[in-house]
Amino acid sequence: MTTGTKSKARKCPECGGPLSQRSLKQTIMVGASKVNDNGRLRVPTCAACGYYELTQKQLSESELGAALVVFCDAQNIDGGALKYARKALRLTQADLARELGVEPETVSRWETGKMPVTRMAQVAIAGLLKGDKPNTVETLEPAPISRTG
């Protein structure tokens, strides 16, 4: 005969209050850009002290999503945003350089602000953040601009 066991409610390790699933609203800094993540993630949260828990997968998805927002929306990418995206992709400078078909020194110069991130690199990195197959900077071509009126 089996007896039903009730699982104990999890307690907050900070204050001992109960943890419940809630939408996590956070602002993520990607370089100089702020990205608002308005409750897409549901995580165990303590209503009393604000403590919350993220799984490694949730954290990784959040970082990739924030970087993608910046790389798709920003006119110019700063070195801090590039470094954030590279780390979210779990790549070294040399790995990213190889993916983009550039020299590792180029990635370093972009990240330190000694050289501006090119629009072609921005588009290629956005593709990597979306999970697309890598394109080297040299294989990307700008789309023709259609002008009307």
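Predicted model: local features only at pLDDT ≥ 70, side-chain atom pairs only at ≥ 80, totals over all residues.
View 1. Residues are numbered from 1 along each chain as its sequence is written, and side-chain values use heavy atoms, with hydrogens and water left out.

**View 2. The nonpolar core.** In soluble globular proteins, nonpolar side chains tend to be buried together. The largest nonpolar core here has 27 residues, such a core being a set of buried Ala, Val, Leu, Ile, Met, Phe, Trp, Tyr and Cys residues joined through side-chain atoms within 4.5 Å. Among the residues with the most contacts inside this core are Phe-71, Ile-77, Leu-96 and Trp-110. At least two residues of the core come from each of β1 (19-30), α1 (56-73), α2 (79-88), α3, α4 and α5 (119-130), and α5 gives the most, with six residues.

**View 3. Helix α3 against helix α4.** Helix α3 (residues 93-100) and helix α4 (residues 104-112) pack at an angle of about 110°, with their axes 8 Å apart; axes are lines fitted to C-alpha atoms, for helices over the stretch in contact, and angles run from 0 to 180 degrees between N-to-C directions. That angle makes α3 roughly perpendicular to α4, since angles under 35 degrees count as roughly parallel, over 145 as roughly antiparallel, 65 to 115 as roughly perpendicular and the rest as oblique. In α3, Gln-93, Ala-94, Leu-96, Ala-97 and Leu-100 meet Pro-104, Val-107, Ser-108, Trp-110 and Glu-111 in α4, where contact means heavy atoms within 4.5 Å. By class, this contact of α3 with α4 has seven nonpolar, two polar and one charged residues; Ala, Val, Leu, Ile, Met, Phe, Trp, Tyr, Cys and Pro count as nonpolar, Asp, Glu, Lys and Arg as charged, and the others, Gly among them, as polar.

View 4. The axes of α2 and α4 come within 6 Å and cross at roughly 125°, which makes α2 oblique to α4. Here Gly-79, Gly-80, Leu-82, Lys-83 and Arg-86 in α2 meet Val-107, Trp-110 and Glu-111 in α4. Leaving aside its neighbours within four places in sequence, Trp-110 is in contact with several residues, including Gly-79, Leu-82, Leu-100 and Ala-121. Gly-80 counts as partly exposed, at 35% relative accessibility, and, not counting residues up to four places away in sequence, Gly-80 touches Gly-31 and Glu-111.

**View 5. Ser-62 in helix α1.** Ser-62 has its place in helix α1 and is buried, with a relative accessible area of 4%. Not counting residues up to four places away in sequence, Ser-62 touches Gln-26, Ile-28, Asp-37, Arg-40 and Leu-41.

Note on methods: Helix = DSSP H or I, 4+ residues; strand = E, 2+ residues; numbered from the N terminus. Buried < 20%, exposed > 50% of the residue type's maximum accessible area, 1.4 Å probe, protein only.
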